[in-house]
Amino acid sequence: MNRFIIEGGNRLQGELKIPGAKNAVLPILAATILNRGTSRIKNCPNLEDVKTMQGILASLGLKVEREGRDIIVYGKTLTANTVPEHLASRMRSSIVLMGAILGRIGEIYISYPGGCAIGPRPIDMHLSSLRKMGAEIDDLYNGILHCKINKFQGTEILLDYPSVGATENIMLAACLAEGETIVRNAAKEPEIVDLQNFLQNLGVEIYGAGTGVIRIIGCNEIEKDITYSVIPDRIVAGTYMACVAATGGEIILNDIDYEPVSSIAYLLRNCGVFIELIDSKNMKIKSEKNLKAIEVIRTSPYPGFPTDMQPQLVSVLSKASGTSVVIETVFENRYGYVEQLMRMGTDITVRERVAVIKGVKRLTGAYLDASDLRGGAALTIAALSAEGISTINNVMHIDRGYEELEKSLSTVGAKIKRI
Ligand code: EPZ
């Protein structure tokens, strides 16, 4: 088991580069299944979830290679229709393979997806949408789904909620469908726009991502050699911003895209953090640690404040003067990490989806367990700003979304090592 040992209390100073976005690269890799040509995806982070997706593509018979930050998928041969259970159950994104594999070969055996322990994560919208497009889906045994279709039929789908994954699944299914598919109340996240851009590069007629209504005109076959670069990871950028806010210091983030992080910047500015856009790709963050509480903030789908930054924000607010209220509206149970923060001296009360955070003057180092990706990031932030030494166990959860986090943070002055 890998763990982080962190000596808190060091200001951060220097520059950090933002890598490609995990939640963009995963659906784009799933989309390469639709292409009989060669897809070269640039700016791919080297993360556990990305390796799992590469493993799944290879197990389907596709040739997959990594060259530095590029992943190349040769789409000619797709020989299998079964997603290995031990890979599918490792991450939530495996569910978006359904639309792509069914579109291309008409049959798939896949288990229910895994992912972070942040409450029940049903897939009802995925299944009902694919059924509406004509798929027959049966629950076999031990959580294995068998899905079949001759050819998807374009149709109109109104989502009950703008689910990111369900929107992606429908977009992928619609590419090789008969006729036009319209998704209403679609998710508007930047990763959805990135997937649309990738599909447009493949020649697919798809429009509207980012607006809430997406239209896709199906085609018979996709065969194109393309190169595509993935957008920067807005949550990694936000996490670094939260690190500086909590520890104090001054860093410059390189290779960012401001619009997707603007809600995070807005909140941190309200807490008293100085954030300045140097130019379209570089941003300065400066904090003197004397942070102020935020009255109330709710997480919500994009362009609202992202649920994937909620734990990191709570960590920052735990030392802000005054009382802050955070309301988690996206996931049912995303406060698992709070119990661990309490070991460091925070004053946080959680009742269902509401966390009340009373800022304390100091946190002290503690022995901690990470139980999910963003919760693990929140513990890292708290440990960096605490007095004394902290140990964070189970950093494999953190490794799912942050590439060698300890190395990046060490380059800007944090005292953090992996053992
Ligand atoms: C994506 O998950 C992200 N994962 C999550 O990032 C992110 O937290 C989430 O979107 C919201 O932004 C990836 O992109 C791989 P949803 P996804 O479908 O697609 C409910 C991280 O830390 N729902 O928008 O699974 C669901 O339970 C991760 O990087 C249904 O009820 O999110 C949740 O309450 C964690 N039925 C809400 O919708 C469904 O069929 C939003 O989920 C689908 C979803």
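Begin with the second largest pocket of this predicted model, whose volume is about 340 Å³. A pocket here is an open set of points, on a 1 Å grid over the protein atoms alone, where a 1.4 Å probe fits and protein stands on both sides within 12 Å along at least five of seven lines; its lining residues have an atom within 4 Å of a point. The volume is the space filled by probe spheres set on the points, which are joined across faces, edges and corners.

Select Lys 17, Ile 18, Pro 19, Arg 69 and Glu 403, which are the closest to the centre of this second largest pocket among its 21 lining residues. Next, colour α14 (405-411), which supplies the largest share of that lining, 4 residues; helices such as this one are DSSP runs of H or I with at least four residues, numbered from the N terminus. Now show domain 1 (3-19 + 232-418) and domain 2 (22-229): both give residues to the lining of the second largest pocket, so it lies between them. These domain bounds come from an automatic or database domain assignment.

Then move to the largest pocket, which holds about 1,100 Å³ of space. Of its 45 lining residues, select Arg 92, Arg 121, Val 164, Val 330 and Phe 331, the closest to its centre. Finally, highlight α1 (22-31), which gives the most to the lining of the largest pocket, with 4 residues.

Residues are numbered from 1 along each chain as its sequence is written. Local features need pLDDT of at least 70 and side-chain atom pairs count only at pLDDT 80 or more, while totals for chains, interfaces and linings use all residues, and side-chain values use heavy atoms, with hydrogens and water left out.

Methods: Helices (H or I, at least four residues) and strands (E, at least two) are DSSP runs, numbered from the N terminus.
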